[in-house]
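Hello,

Here is the structure I promised to pass on. My notes on it follow below.

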There are 2 protein chains.
Amino acid sequence: MSMSLDGFVAGPDDGPGLPLGHGGELLHQWVYEQASWRARHGLVGGRTGPDDDLVAEGFSRIGAVVMGRRMFDNAEGPWGDSPPFHAPVFVLTHRPRPVVVKPDGTTFTFVTDGPECALRQARELAGPMDVAVAGGADVIRQYLRARLLDEIQIHLVHVLLNDGVRLFGHLGPDYLSLERTRVLDAPGVTHLRFLVETTGEDREPPETALF
Amino acid sequence: MSMSLDGFVAGPDDGPGLPLGHGGELLHQWVYEQASWRARHGLVGGRTGPDDDLVAEGFSRIGAVVMGRRMFDNAEGPWGDSPPFHAPVFVLTHRPRPVVVKPDGTTFTFVTDGPECALRQARELAGPMDVAVAGGADVIRQYLRARLLDEIQIHLVHVLLNDGVRLFGHLGPDYLSLERTRVLDAPGVTHLRFLVETTGEDREPPETALF
């Protein structure tokens, strides 16, 4: 997920006509420039380098995708016949809909039995590859709350967006410890990768006061 | 500021008996271990290395401090006669109070004329050194909103705290661009330094849709 330093993954007033909300496109500028992202979207050109390697690696690991219905509804129009997944996608929803098959290999299957069921189906099709939870924020929080996410990748974008859709917060009474497994500094963005480590462990209290 | 990945700088229910709120001490574990922080607080031992150099550099640049009254009130007890500033501190407040002089060189001056006045007084005494805005979150947001902060240092702690006091958000209608000037990865924390760059500039819209 691309997230502003103040924790937003989309601007305010997102919807089918404005999938990333006002200003939300600022969070994705860095990826639009990457050669492997562009190739995935049928565009030529773009930059190569560590950022691009990271994007390409991410694509190469994804065997199946889970997303929320709001994200799907916001993006179905812009994606058209070329959604960028080239993999089975499971859409969490309360409103059933027949499977959508796209010519590029993407299929959208609508799951009404909840996040665990969607994940189970995705895992079966992903085989040894990863299942990516693509969003939106509420779906990611559901998986975090259920302790079903192994890894979080944050592309921390160097902007304070000030308003919009927050990714994190209010997951439950316990804190979640993370182990950072990668940091890559790039122009306008710091790429961070974390393993979701342990939950609610007691730690030693600090021995002294604050600065 | 030490901030969790989900944007909190203190846990919930902070107050004079619990200056960092529930779980907030998790955000500061990394600094309690640093030799220069310990020396500043009259403690022996601690670790040296890049983290510690960063803390020492921070201390060495501070010529004066501004903070909010709530932060002062929460911490006055724990600090006792040894607050860690060794510099003039200006406390933003609506409730006047005589200057407090501590034996270690720290003075607390209570300013009722607003953030710009407090900053002006701090700048005069800081000379060529930096004025640090120590917190709390509401005071930092006031200075950001007034475009009076040149630099932001975030110690991004690898935890999702889930609740508490957020540092950022809702500063105004315009976004704030940041330029990252340092990234240092350390155990449990990623140190980020930003210049506050420009405000509300128009940028090119993205040329294509989302991932």
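**Notes on the model**

G136(B) sits in the loop of chain B between β7 (130–135) and α6 (137–145); helices (H or I, at least four residues) and strands (E, at least two) are DSSP runs, numbered from the N terminus. The peptide bond joining G135(B) and G136(B) is cis, with omega about 0 degrees. In chain A, the bond from G135(A) to G136(A) is also cis, and omega there is near -5 degrees.

This is a predicted model, in which local features need pLDDT of at least 70, side-chain atom pairs count only at pLDDT 80 or more, and totals for chains, interfaces and linings use all residues. Residues are numbered from 1 along each chain as its sequence is written, chains are lettered from A and ligands numbered from 1 in the order in which they are written, and side-chain values use heavy atoms, with hydrogens and water left out.

How are the two chains related?

Next, the interface. Chain B puts 59 residues into the contact and chain A 60 residues, where contact means heavy atoms within 4.5 Å. Between them the chains bury about 5100 Å², 68% of it on carbon and sulfur atoms (buried area is the accessible area, with a 1.4 Å probe, lost on putting two parts together, summed over both).

Two salt bridges are found across the interface, a salt bridge being a side-chain nitrogen of Lys or Arg within 4 Å of a carboxyl oxygen of Asp or Glu. One of the salt bridges pairs D185(A) with R180(B), whose closest N and O atoms are 4.0 Å apart. On the side of chain B that touches chain A, β11(B) gives the largest share, seven residues.

Strand β11 (residues 176–186) of chain A runs antiparallel to β9(B), and two bridges join them (strands pair if DSSP finds at least two bridges between them). S177(A) is opposite V159(B) in β9(B).

One backbone detail remains. D13(A) is not a glycine, yet has a positive phi of about 65 degrees; D13(A) is in the loop between β2 (8–10) and α1 (29–32) of chain A.

Regards
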